[in-house]
Protein chains: 2
Amino acid sequence: MSFQTRRPTIRQVASAAGVSTQTVSRVMNKRPDVAAETRQRVLDVIDQLGYQPSEVARSLIHQRTYMIGVVTAGLKYTGPSRTISGITQAAEENGYALMIKELPRFDVHNVEPILKEFISRHVDGIVWAVPEVGENRDWVDQTPSLRGIPTVFLTMQPQAHLTVVSMDNYQGARLAVEHLIAQGYEHIGHISGPLDWWEARQRMAAWKDALQAHDLPAQDCHWVEGNWSSTSGAQAIQTLFNQYPQMDAVFAANDQMALSVLQAAQLRKIAVPQDLGVVGFDNIAESAFFSPPLTTIQSNQDTVGQWAVEELVKIILAHRQEQQDTFAPKTIILSPTILIRQSSQRIQS
Amino acid sequence: MSFQTRRPTIRQVASAAGVSTQTVSRVMNKRPDVAAETRQRVLDVIDQLGYQPSEVARSLIHQRTYMIGVVTAGLKYTGPSRTISGITQAAEENGYALMIKELPRFDVHNVEPILKEFISRHVDGIVWAVPEVGENRDWVDQTPSLRGIPTVFLTMQPQAHLTVVSMDNYQGARLAVEHLIAQGYEHIGHISGPLDWWEARQRMAAWKDALQAHDLPAQDCHWVEGNWSSTSGAQAIQTLFNQYPQMDAVFAANDQMALSVLQAAQLRKIAVPQDLGVVGFDNIAESAFFSPPLTTIQSNQDTVGQWAVEELVKIILAHRQEQQDTFAPKTIILSPTILIRQSSQRIQS
DNA sequence: TGCTATTCTGTTATCGATAACGGGAACTAT
DNA sequence: ATAGTTCCCGTTATCGATAACAGAATAGCA
C-alpha cells in the first residue's frame with residue numbers, strides 16, 4: 001500500500017483495451033451501441049485495472065455534482081445531530097453526497113463565506129439546517145449570492161418565497177399543555193427556551209394560548225426564560241417555585257430543563273406527578289429513564305431532515321428541466337406527538 | 001432570484017476585462033507578474049460579475065480537492081456526533097471541506113461502495129470515525145482499494161501499520177474503578193457495553209484488572225453485559241442486584257446505563273452514594289443533573305476528532321511531497337479525566 | 001451490382017481552470 | 001549598436017470525462 005500508482009484514467013483503459021476513450025465511456029454508461037465483444041474486452045480491462053471514473057471530471061462536464069451542501073450548528077446537541085442523521089439517510093437513498101459545514105454558533109450573520117464555498121464547489125442544492133435564532137435569517141433577503149441554487153430551510157418562520165421544512169413547535173407545545181390540563185392541573189408554569197429562538201417563542205405562545213383557552217392563569221410571573229441547558233433549568237425552577245407558589249405543574253421547553261425540574265422536586269420532596277406534573281419536549285433518549293419517566297413531545301428531528309432532502313431533490317430535478325414554475329416554494333410542517341409517561345399522569349386511565 | 005444567469009467563468013471575466021484567461025488566473029492567484037493597472041481592471045470586473053473560480057475545475061487540474069471524506073455511524077448518539085463536531089472544527093481551521101457518510105449500522109463489513117465513492121470523488125484523505133465493532137475492521141487488510149489515500153482511523157485497537165487516534169478507554173475505566181475503591185467500596189459490579197465493541201472490552205478489562213490489583217472480587221457473576229442503552233442498563237442492574245447481593249457499587253460503561261442504575265436504586269430505596277456508589281462513562285450533558293449527580297469519565301470525543309484531522313492533514317501534506325517515510329503510521333491515545341460528583345462520594349473530602 | 005440503412009467506433013470540441021512556454025516591449029550592459 | 005534582462009501578457013496543452021459529429025464496416029434491398 002505504500003507504493004501507489006496514480007489511479008487509472010479512461011485513457012489508460014482505452015489504450016489497454018485497444019479502443020478509444022469514447023468507447024470506454026460508452027461502456028461505463030451502459031449505452032447499447034457497443035458490440036458485445038468489445039464491451040466485454042473493455043469490461044475486463046476495467047476490472048483488471050480497477051478503473052473508477054472520476055466524479056470530478058464528470059461534474060465538470062455535466063455541470064452537476066450530485067452533492068448537497070448542508071449547514072448546521074451545535075452538532076453536539078441531540079436535535080441538530082438527529083436532523084443530520086435523517087439528512088444522511090435520505091441523501092444516500094437519493095444518490096447524493098453531502099458536504100457539511102458546522103457554524104461555530106447558532107446566531108451567525110455573515111454567511112457569505114459559506115455560500116461562496118458552496119457555489120465554488122458547485123453543490124446541486126443546499127439544506128440550511130440551522131434553526132432560526134435572532135437575526136440569523138436576515139441575510140436571506142439581502143444576499144443574491146445563492147445564484148438560484150435550490151435551497152431548503154429548516155426550522156424557521158415560514159416565508160412565502162422560501163421552501164421551509166419544520167416541525168410544528170406550536171402544535172407540540174399545545175399538546176403538552178392540553179395534556180396537563182386534562183390531567184387536572186390548574187397552575188401550570190413554563191420554562192421557556194431562549195426567546196431569540198423561533199422555536200422557543202412558538203412553544204411559549206402555545207403554552208399561553210392553551211391556558212387562556214381554558215381560562216387558566218398565564219401571567220408573566222408564571223414563566224421563566226431558560227437557555228435549553230439543565231443548568232438554566234435548575235435556576236429557572238427555583239425562581240418559579242418562589243414566584244408561583246400555587247404552581248402544580250411545569251411545562252419545560254425541552255427535556256434537559258425538565259430534568260432539572262425533576263431533580264429540584266426530588267430535593268424539595270415534592271411528589272411527581274401527584275403534587276407536580278412535569279412535561280418536557282424533544283424526547284431525548286434518556287428521558288424514559290428519568291425519575292419518574294418524563295412525559296414529553298416526540299419531535300422526530302430526523303424526519304425533518306429526511307423531508308428536507310426529499311423536497312430538495314425534487315426541486316433540483318425540476319430546476320434542471322427548467323420547470324421552476326411547477327415547483328413553487330412550499331412549507332412543510334410535520335406534526336409531533338405526545339409521549340405520556342409517569343411524570344404527568346395523575347389520573348389513572 | 002428566479003431568473004438566473006449561469007455563473008460567470010474565467011473566460012467571461014477575461015473578455016470583459018480585455019485580457020487573456022491566464023491573466024485572470026494570475027490575478028486570482030495573487031501572482032506578482034501582472035501590471036498594477038491590469039490587475040485592478042481585472043479585479044473590478046471580478047467584483048462586478050461576482051466571479052468565483054470553480055473549485056471543481058481547480059480540483060481537476062491540481063489533482064487535489066481539499067476535501068476530506070468522513071465515515072461515521074450512529075450520529076444520533078452523543079459520542080459520534082461530538083466526534084463529528086470536533087472534525088468539522090478542525091477541518092474548517094485547516095481549510096478542508098468535509099464529505100460525510102453515515103453507515104446504517106456500526107457493524108458494516110462491505111465498505112467497498114463507500115471507498116469507491118471517496119476515490120471517485122477524489123478526496124484528499126479519509127477519517128474512519130466508526131468505532132471498532134465485531135469484524136468491521138477486517139476489510140482494512142483485505143482491501144487494496146484505498147490506493148494510498150491517507151487515512152486515519154478512530155477508536156480501534158492500535159495496529160502498527162495504521163494511523164489510529166483514540167481515547168484511552170482502559171485508562172478511563174481504571175480511573176473510575178480506582179476511584180470507587182478509594183472511596184471504600186469493596187463489592188464493585190460492572191455493567192459493560194456490548195462486548196463485540198472494542199471500547200466495551202477495554203473498559204471491562206480495566207474494571208477486572210483494577211479489582212484484582214486490590215484483591216477485590218471480580219467474578220463472572222459480578223458483571224452483566226448491556227448494549228449501551230438505558231433499557232439494557234435497567235435489565236442489567238436487576239440481574240446484578242439478584243446475583244450479587246453484597247454489591248455496594250456499580251461501574252457502568254456509559255452514562256445512559258448508569259442512569260438506569262440510579263433509577264433502580266431509587267425505586268428500591270437504596271441510598272446513593274451511601275449504600276451504592278455509581279460511576280458512569282462519557283459525561284453526557286445531562287449526567288450532572290441526574291439524582292444524584294453522576295460521577296463519570298470525561299472522554300473528550302471532540303478532541304479525538306480534532307486530533308484525527310490535524311494528523312490527517314499532516315499526512316496529506318507529507319504525501320504530496322513524497323515524504324511518506326517521514327510520516328510513519330502513528331498511534332495517538334488521548335487521556336480521559338474523571339469528574340467526581342455526588343453519586344460516588346461516600347467520603348467527604 | 002449498386003445504393004441506402006444500420007451498427008459500431010473514432011475524432012474533435014468542450015466543461016473551467018492552470019502549467020509551461022513563448023514572445024514582444026522596454027531597459028541595461030558591453 | 002547589438003545582445004542580454006526584466007517585465008508583462010498571450011497561446012497551447014492539459015486535467016478526465018462526455019456530447020456531437022463523422023466515418024468505416026456490414027447488412028439489406030432493389
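Guide: Welcome! Residues are numbered from 1 along each chain as its sequence is written, while chains are lettered from A and ligands numbered from 1 in the order in which they are written. This model is predicted, and local features need pLDDT of at least 70, side-chain atom pairs count only at pLDDT 80 or more, and totals for chains, interfaces and linings use all residues.

Visitor: What radius of gyration does chain A have, against a compact globule of 349 residues?

Guide: The radius is taken over C-alpha atoms, and the globule rule is 2.2 Å times the number of residues to the power 0.38. For 349 residues that rule gives a value near 20 Å. The C-alpha atoms of chain A fill a box of roughly 90 × 45 × 40 Å along the principal axes. The radius of gyration of chain A is 27 Å.

Visitor: How many residues of chain B are in contact with chain A?

Guide: Contact means that C-beta atoms, placed from the backbone, lie within 7 Å. On the chain A side, 47 residues take part. For chain B the number is 47.

Visitor: Which residues come nearest to DNA strand C?

Guide: A residue is near the strand if its C-beta atom, placed from the backbone, lies within 6 Å of it. There are 23 residues around DNA strand C. The ones that come nearest are A:Thr38, B:Ile10, B:Ser25, B:Ser54 and B:Ala57.

Visitor: What percentage of chain A is buried?

Guide: Buried means that 20 or more other C-beta atoms, placed from the backbone, lie within 10 Å of the residue's own. Of the 349 residues in chain A, the buried share is 50%.

How values were computed:
Two residues are in contact if their C-beta atoms, placed from the backbone, lie within 7 Å. A residue is buried if 20 or more other C-beta atoms lie within 10 Å of its own, exposed if 12 or fewer, and partly exposed in between; C-beta atoms are placed from the backbone.
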